[in-house]
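Grab a pencil and open the viewer.

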Amino acid sequence: MKAEKNWKEAQDIRTYPALISKEDNAYCVLFPDLPGCLTQADTLEGALVQAKDALAGWLFYSERDGDTIPAPTDIRELKMQSGQISALISVRMDALRKEETARGTHIAEPAVLRTAQPSECNYTLQ
């Protein structure tokens, strides 16, 4: 039982509410608590995957740079516009830190490479 308790305590799960809207041919995702944290995809499922990547990147780099990370708003207190839906998006920061340390790469680069066509993006891998 003690090993299970230690495992749970070692997890650092962050959960933030996201607002999702359909605009033209894309699903747009915005994290109202995190300035500049937004993404989009062609499908709702893709938007949810991208949202997790966007949240992970925003939190990882803010933490690394020593920036203040706002507390998440209770999802019941979100002010939604007509046509928007809300979702809770979670990331495990402990696993992300370990993965990024082992890889030694940046989160945003793999996300761009997985989703964009080479002609649609301009990126530099270091």
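You're looking at a predicted model, where local features need pLDDT of at least 70, side-chain atom pairs count only at pLDDT 80 or more, and totals for chains, interfaces and linings use all residues. Residues are numbered from 1 along each chain as its sequence is written, and side-chain values use heavy atoms, with hydrogens and water left out.

**Exercise 1.** Find the buried residues of helix α3 and work out why they line one face.

*Solution.* 
- Helices (H or I, at least four residues) and strands (E, at least two) are DSSP runs, numbered from the N terminus.
- Buried means under 20% relative accessible area, exposed over 50%, and partly exposed in between (1.4 Å probe, protein chains only).
- In α3, residues 93-103, the buried ones are Met 93, Asp 94, Leu 96 and Glu 100.
- Looking down the axis of α3, they fall within an arc of 165°, so they line one face of the helix. That arc is taken from the directions from the helix axis to the C-beta atoms.
- Turned away from the buried side, you'll find the exposed Lys 98 and Ala 102.

**Exercise 2.** Sort the residues of strand β3 by face.

*Solution.* 
- β3 covers residues 38-41.
- Thr 39 and Ala 41 form the covered face, while Leu 38 and Gln 40 form the uncovered one.
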